[in-house]
Amino acid sequence: MIMKLKLWNRLSQFSGLIVFNFYFYGFYIRGIYQGSLKLLPCPGFNCHSCPAALFTCPIGALQLIITYGTYHIPFYVLGFLGLIGSCAGRIVCGWACPFGLLQDLLHMIHSPKLPVPRMLKWLRYVILIGLVCAVAWITGEPWFCKLCPAGTLEAGIPLTAMNADLRELTGPLFAVKLGILAAFLILFVLCKRPFCRTVCPLGAIYGLFNKVSILHPRVDKGKCIGCNICLRDCPVEIKPYENDACQSTDCIRCFRCLKCPTGAVSLKTGTKR
Amino acid sequence: MKKYLPAIASVAVSAAFLLTGIMMGHHSMIMSYSIIVCLSCIGIG
């Protein structure tokens, strides 16, 4: 059953990649999709300037409204993300995010593996409040997009490879972006989900809903024998048996901890009390 | 039922945010922004 869950998880991640990037024609026309689906923010972390992208990048949209929107409050994007988060917290991170899939796949490469310091989890909130909100509002520029490794991978590299005009316009910022992407690609091999755990502002927003979300794993401490099998398979290295770890902002709801041999972890609905 | 109250409240607030955003025209702002290639995403500028 658990093997099947893992298989479904991977299939779902690939489905997310394809559904969010179904406009393959974009590679042929060397441009991007301009249809009405761009009204919707993408639930996962996916750059809208990717030639195949069907939806808007939620973080790009957030910065746009903060910079130019009425009252500078991104009601539409926060409402959209809140609806998903209220149902299952960070489930998109675990089951549909294309950038999460890339991290999972690269981490399968044999190499020495490093832990991610737990303190760094707060960095994503610094990035969300500082870079995505404050810097965008003060400077009027989407600075997160300017540094985003997903944008480089999904938009920068393909579009500059296909368009000589765009290639000529690239400068130092493009080089910086390539450097950031290269650093993250190496980290993806060495660490489990380093971007999701330390940088991703989208994961930071979804994580806030983990405490109230309808669907979540729960641990029966009476049944837990401390074998750590759940920890070994957890993509974000949390210990589900520790105080409300599955309700913390870190859990990406992949449900791999359900493989517990004593059945201590189960899927529940509603909040604790 | 009580255990679902936080989630229901969160859904209600999110829905209110979404509708407010739509009434303020955020969706069309986002659309007109995202149909143009983002030079920042590419690394130009």
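View 1. Arg218(A) counts as partly exposed because 16 C-beta neighbours lie inside 10 Å (a residue is buried with 20 or more other C-beta atoms within 10 Å of its own, exposed with 12 or fewer, and partly exposed in between; C-beta atoms are placed from the backbone). The model is predicted, with local features requiring pLDDT of at least 70 and side-chain atom pairs pLDDT 80 or more, while totals for chains, interfaces and linings use all residues. Residues are numbered from 1 along each chain as its sequence is written, and chains are lettered from A and ligands numbered from 1 in the order in which they are written. Arg218(A) belongs to strand S1 (residues 215–219) of chain A; helices (H or I, at least four residues) and strands (E, at least two) are DSSP runs numbered from the N terminus. Beyond its neighbours within four places in sequence, Arg218(A) is in contact with Cys246(A), Ser266(A) and Lys268(A), two residues being in contact if their C-beta atoms, placed from the backbone, lie within 7 Å. Val265(A) is 47 residues away from Arg218(A) in sequence, yet the C-alpha atoms of the two are 5.5 Å apart.

**View 2. Two loop residues of chain A with positive phi.** Arg193(A), not a glycine, has a positive phi of about 45 degrees. Its place is the loop between helix H11 (172–190) and H12 of chain A, and Arg193(A) counts as buried because it has 27 C-beta neighbours inside 10 Å. Glu237(A), also not a glycine, has a positive phi of about 50 degrees. The loop that holds Glu237(A) runs between helix H14 (229–233) and strand S2 (265–269) of chain A. With 16 C-beta neighbours inside 10 Å, Glu237(A) counts as partly exposed.

View 3. Domain 1 (2–59 + 71–207) and domain 2 (215–269) make up the division of chain A, with bounds from an automatic or database domain assignment. Taken over C-alpha atoms, the centres of these domains of chain A are 26 Å apart. To their contact, domain 1 of chain A contributes 20 residues and domain 2 of chain A contributes 15 residues. On the side of domain 1 of chain A that touches domain 2 of chain A, two or more residues come from each of helix H1 (2–20), helix H4 (75–88), helix H5 (91–95) and helix H12 (194–198) of chain A. That side comprises nine nonpolar, four polar and seven charged residues (Ala, Val, Leu, Ile, Met, Phe, Trp, Tyr, Cys and Pro count as nonpolar, Asp, Glu, Lys and Arg as charged, and the others, Gly among them, as polar).

**View 4. The side of chain B that touches chain A.** In the contact between the chains, 31 residues of chain B meet 46 residues of chain A. Helix H1 (5–23), helix H2 (26–34) and helix H3 (39–42) of chain B each supply at least two residues of this side of chain B. H1(B) gives the most, with twelve residues. By class, the side of chain B that touches chain A has 20 nonpolar, ten polar and one charged residues.

**View 5. Packing of H3(A) with H2(B).** The axes of helix H3 (residues 58–68) of chain A and H2(B) lie 10 Å apart, at an angle of about 115 degrees; axes are lines fitted to C-alpha atoms, for helices over the stretch in contact, and angles run from 0 to 180 degrees between N-to-C directions. Ala61(A), Leu64(A) and Ile65(A) of H3(A) form the contact with His26(B), Met29(B), Ile30(B) and Tyr33(B) of H2(B). Six nonpolar, one polar and no charged residues take part in this contact.
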